[in-house]
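Reader: I've got the model open and want to check some labels with you. Can we go through them one at a time?

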Amino acid sequence: MDFNYDEEQQALREAVRGLVGRAYSDFESRRRTVAEDPGFSEKVWTQLAEMGILGLPFDEEHGGMGAGAVEIGIVAQELGRVLAPEPFLTSVVLAGGLVAAAGSDEQKVGLLGDLSSGASVLAFAHAEPGSRWQPTASAVTATQSDDGWTLAGVKEPVLGGARADLLIVSAALPDGGTGLFVVTAEAPGLTRDGYRTHDGGRAAKVTFADTPADLLGDEAGDRSGIIARVLDIARIAACNEAVGAMEFSLETTAAYLKSRKQFGVPLNTFQALTFRAADMYVSLEQARSLATWASMVLDSQGGEDAAVAAARASLGVSRAGRHIGQEAIQLHGGIGMTAEYSIGSYTSRLTALDHLLGDGNHHLGLLAANVSGYDEVDPLP
Amino acid sequence: MQLALSAEDAEFRDQMREFFTTKIPQEIRDAVAERRELTREQFVESMQILNAAGLAVPNWPVEWGGQDWSPLRRHIWHEEMQRAFVPQPLAFNASMIGPVIAAFGSQELKERFLAKTANLDIWWSQGFSEPDAGSDLASLKTRAVRDGDEYVVNGQKTWTTLGQYGDWIFTLVRTNPEVKKQAGISMLLIDMTSPGVEVRPIELIDGGHEVNEVWFTDVRVPVENLVGEEDRAWDYAKFLLGNERVGVAPVGATKRALAQAKEWAATISTGEGTTLLDDPLVSTRIVELENELLALELTALRVVAHSADGKPHPASSVLKLKGSELQQAVTELTVDLAGPASIASGAGDDSDLPWWTRRATPTYLNFRKASIYGGSNEVQRQIIARTILGL
């Protein structure tokens with residue numbers, strides 16, 4: 001057992017920290033970037049591609065780097081530290097992950113090659129009004145005719161849905177089950193109404209009206225198991241991104257307590273405040289342990305264990321994210337409420353990450369339903 | 001990064017598991033599992049079995065009976081022991097005075113005490129806290145005045161756990177009242193049968209007699225019983241309390257207690273074929289606790305895997321704080337599971353109520369101590385705020 005990052009992993013962290021740090025360590029430049037569509041920097045996206053980050057999880061034969069969940073976690077943490085708005089999580093880990101898991105060989109080479117090189121941005125159109133955090137689709141339906149497949153219905157919110165060059169879409173199949181499809185940006189009958197999200201990101205209402213779509217993979221069939229698996233992988237990446245954001249929130253809060261003076265003394269004179277910062281540290285380290293562990297579980301085995309690890313990490317990180325996010329604003333006082341200062345945006349991002357793929361109580365419910373099925377939780381395989 | 005234990009470490013774990021579950025008498029392990037007070041003889045028997053196998057004081061230097069184990073193996077040893085409900089080696093001997101004598105004591109003290117300390121032939125008590133020196137330990141007032149080849153000790157210690165069994169007591173005393181409070185403290189080893197030593201029991205809120213006051217009235221202590229140098233004991237105490245913090249994140253024991261609580265919850269009917277474990281308010285509470293314990297265990301493993309380079313991992317301060325909170329939370333859960341039966345704490349074994357319901361509240365009350373001893377959780381927050389966050 002070893003919880004230390006090796007030299008290559010350290011180097012990866014340094015490289016990503018350097019790149020996104022140059023772009024966003026000045027919070028004002030992050031503000032400028034998210035103010036304009038598409039809500040991220042195409043230049044930074046290209047730089048990430050050149051560094052190999054956009055192909056990190058994919059096999060080398062498909063243009064990727066063949067890296068594991070621990071490496072994905074390192075990148076996610078570093079993006080989280082500076083609130084980098086580039087859609088690594090949704091485009092690479094989630095949409096790209098689905099192509100890698102369900103695509104045909106030809107699709108993997110083509111779609112993942114373009115994604116890895118930065119030529120094409122993907123989005124996963126999955127969430128539907130009236131349902132939440134399921135691995136299945138019902139509001140968007142797929143129909144097969146002699147001309148091929150068409151989709152009908154509404155997906156919302158689709159993160160990065162307006163900018164995406166290609167959409168990976170989940171849809172109810174005629175004979176039951178949930179299929180996966182690829183829809184191009186120019187497809188007829190596709191309408192995308194984009195908008196800003198509270199964390200500076202972008203999302204869209206995506207409407208399909210007899211929109212032509214290609215099957216992801218060689219044949220139709222229920223893909224909900226694959227969707228569930230890739231959602232779990234993305235959950236663990238999201239947990240790591242949240243750890244990066246929490247880490248920076250605590251560092252920033254501690255620095256503020258030392259520099260800000262009231263009543264003629266620095267705020268860290270007041271134990272009522274420093275003790276709360278100490279509790280934030282406890283939450284951070286507990287969350288970091290879970291996120292790191294879940295990444296290692298993902299790398300060491302698949303299936304059910306990874307699903308449980310994703311749920312456990314999501315539960316712990318959800319609790320920690322709320323605690324740290326709320327306290328970070330409170331310990332800053334009024335300045336924490338302003339859009340100009342960074343800390344509130346971290347809380348906003350943590351809130352978005354919490355609700356993107358399933359919040360703490362969602363995972364708590366899943367875990368509690370099986371509480372009698374085991375004696376105790378053993379973290380080692 | 002690698003989650004699995006190496007084949008060698010996995011084999012080591014299996015050996016520990018086998019030993020603890022087969023070599024320690026079942027009735028002793030049952031007593032621990034059922035939260036019963038152990039007798040002095042049970043503590044001694046268990047520790048002597050461990051010591052004969054080299055498993056009582058692995059944290060000591062090898063020449064004095066320790067093991068050249070990695071921090072991970074020490075962690076595995078500790079966890080497996082708790083998992084099997086084996087009483088841990090008496091902390092005052094194994095984690096406190098033994099390592100201090102080994103590190104700072106004279107050769108004469110080492111030869112005189114260490115073997116007997118490891119084998120619990122001597123039962124040590126701890127004489128640190130005083131009525132006016134708790135978290136602020138350096139304010140202690142017990143005086144030791146040099147008189148020829150002896151010190152004369154006067155004062156009072158308190159919270160002396162299991163002092164009623166003690167043969168010897170390691171004591172912090174003030175030898176120089178003229179200097180900064182931390183700079184005038186010495187450590188004396190005092191034979192508790194010395195004239196002028198008096199142990200008075202303190203009854204606690206759980207009804208038990210676990211701690212004591214120890215009074216010293218003109219107690220004469222030979223100067224060779226001084227540990228290390230005069231006036232330098234604050235450093236030794238910090239070393240000792242550093243060891244204490246490692247031992248007080250009882251992950252394995254709390255995991256077992258929570259697993260027991262689940263079993264118990266499943267025995268309490270809430271209607272047609274359902275039990276308390278089916279109640280979402282209960283099952284989600286259990287899962288939240290399991291999850292926090294999982295995070296704590298992983299944090300402990302991170303600390304263990306990191307401490308190979310000798311410097312403590314910054315996250316180690318989390319262990320005492322969170323470890324005690326979770327330990328307490330599981331005792332609280334157990335009282336709630338017991339419901340009205342939790343009130344029957346005075347009922348004997350002829351009661352129709354299961355033993356765990358009758359012992360739930362005394363255990364809950366007893367474990368309020370966990371966030372106070374070994375550096376209260378407020379002291380831990382202070383350490384985190386100051387030394388980690390720089391506040």
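Predicted model: local features only at pLDDT ≥ 70, side-chain atom pairs only at ≥ 80, totals over all residues.

Reader: Okay, what makes helix 5 of chain A roughly antiparallel to helix 7 of chain A?

Author: The axes of helix 5 (residues 88-102) and helix 7 (residues 224-259) of chain A cross at roughly 150 degrees, coming within 9 Å. Angles over 145 count as roughly antiparallel, so helix 5 of chain A gets that label against helix 7 of chain A. The crossing of these two helices is right-handed.

Reader: Which residues of helix 5 of chain A make the contact?

Author: On helix 5 of chain A they are L89(A), V93(A), L94(A), G97(A), L98(A), A101(A) and A102(A). The partners on helix 7 of chain A include I226(A), R229(A), I233(A) and E241(A). By class, the contact has 12 nonpolar, one polar and two charged residues.

Reader: And why are helix 9 and helix 10 of chain A called roughly antiparallel?

Author: Helix 9 (residues 304-332) and helix 10 (residues 343-356) of chain A pack at about 160 degrees, with axes 9 Å apart. The cut-off is over 145, and therefore helix 9 and helix 10 of chain A count as roughly antiparallel to each other. Their crossing is left-handed. Among the residues in contact are G321(A) and G325(A) of helix 9 and G344(A) and Y346(A) of helix 10. That contact has six nonpolar, eight polar and one charged residues, and Gly is counted as polar.

Reader: Zooming out, how do you know that chain A is as compact as a globular protein of that length?

Author: Chain A comes to 11 helices and nine strands. Its radius of gyration is 21 Å, close to the 21 Å the globule rule gives for 381 residues, so chain A is as compact as a globular protein of that length. Along its principal axes, the C-alpha trace of chain A spans about 80 × 50 × 40 Å.

Reader: What share of chain A is buried?

Author: Buried residues make up 55% of the 381, where buried takes 20 or more other C-beta atoms within 10 Å.

Reader: Last one: which helix of chain B gives the most to the side that touches chain A?

Author: The contact takes 43 residues from chain B and 38 from chain A. Helix 9 of chain B gives the most to its side, with 19 residues. The chain B side divides into 26 nonpolar, seven polar and 10 charged residues.

Technical notes
Residues numbered from 1 in each chain as written. Chains lettered and ligands numbered in written order. Axes fitted to C-alpha atoms, helices over the stretch in contact; angles between N-to-C directions. Helix = DSSP H or I, 4+ residues; strand = E, 2+ residues; numbered from the N terminus. Parallel < 35°, antiparallel > 145°, perpendicular 65-115°, else oblique. Left-handed = near helix turned anticlockwise from the far one by under 90°. Contact = placed C-beta atoms within 7 Å. Rg over C-alpha atoms; globule rule 2.2 N^0.38 Å. Buried ≥ 20, exposed ≤ 12 C-beta atoms within 10 Å, placed from the backbone.
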